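Hello,

Here is the structure I promised to pass on.

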Amino acid sequence: MGPALGAGAVGRGIGVGLGEGLPGGPGPRQRRAGTGAPSYVLTEDTPVYVISVAAELSGLHPQTLRQYDRLGLVCPDRTGGGGRRYSARDIQQLREVQRLSQDEGINLAGIKRIIELENQVAALQSRVAELAASLEGAATTLQAREAAVHASYRRDLVPYQPAQQSSALVVWRPRR
């Protein structure tokens, strides 16, 4: 592990302060290309925290984080050497797993199912938004085509109007 990834060097070595990217914390920091280093943007999905820092930020023991990873509750990214790297979103999810377990009394299998269902709901909401945008685009296209058809009407024709009903009596006499 390099010095930039140790618990004390998190804010100095890689451009992320403790709590940055977490809810309520400062936003992601962007390094400028003119500094000679590659430019990158840290988001809440950027895996930057080693397991000891993630454990400290989430208030859990590192063994608990390893257990949650084995169970598939929180799956951090891996380095080339196999080390876990947690993102701010992973830490937020660790806190939520702990809250559901401790405060709500839900077992880990139930928590895993809740997470799966929440992910499914999020995917479905994204799909609904995508379909709504597609539908809106199709409606706009249809209105434009309809307007083009109306604009192509010949103006020299008189529209047909059916005869008004009248109360006149018509007598019919058959021929003999």
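What share of the contacts in the protein with a separation of 6 or more is accounted for by residues 24 or more positions apart? The answer is 49%, where a contact means heavy atoms within 4.5 Å.

Before the details, a word on the ground rules. This is a predicted model, in which local features need pLDDT of at least 70 and side-chain atom pairs count only at pLDDT 80 or more, while totals for chains, interfaces and linings use all residues. Residues are numbered from 1 along each chain as its sequence is written, and side-chain values use heavy atoms, with hydrogens and water left out.

On confidence, the mean pLDDT (the predictor's confidence in each residue, from 0 to 100) is 80 for the protein, with 77% of its residues reaching 70 or more. Where pLDDT is low, the predicted coordinates should not be read in detail.

Now the fold. The protein has five helices and two strands, taken as DSSP runs (H or I of at least four residues for helices, E of at least two for strands, numbered from the N terminus). Along the sequence they come in the order α-α-α-β-β-α-α. Of the 176 residues, 24% are buried, meaning under 20% relative accessible area with a 1.4 Å probe, protein chains only. The accessible surface (Shrake-Rupley, 1.4 Å probe) is about 12,900 Å², and carbon and sulfur atoms contribute 54% of that.

Helix α4 (residues 88-102) packs against α5 at an angle of about 130°, their axes 10 Å apart; axes are lines fitted to C-alpha atoms over the stretch in contact, and angles run from 0 to 180 degrees between N-to-C directions. That makes α4 oblique to α5, the class left over once angles under 35 degrees, over 145 and from 65 to 115 are set aside. In this pair, Gln93, Val97, Leu100 and Ser101 of α4 meet Ile111, Ile114 and Ile115 of α5.

Helix α4 also meets helix α2 (residues 51-58): the two axes cross at roughly 50° and come within 9 Å. This pair is therefore oblique as well. Ala54, Leu57 and Ser58 of α2 make the contact with Ile91, Leu94 and Arg95 of α4.

Best wishes

Technical notes. Buried < 20%, exposed > 50% of the residue type's maximum accessible area, 1.4 Å probe, protein only.
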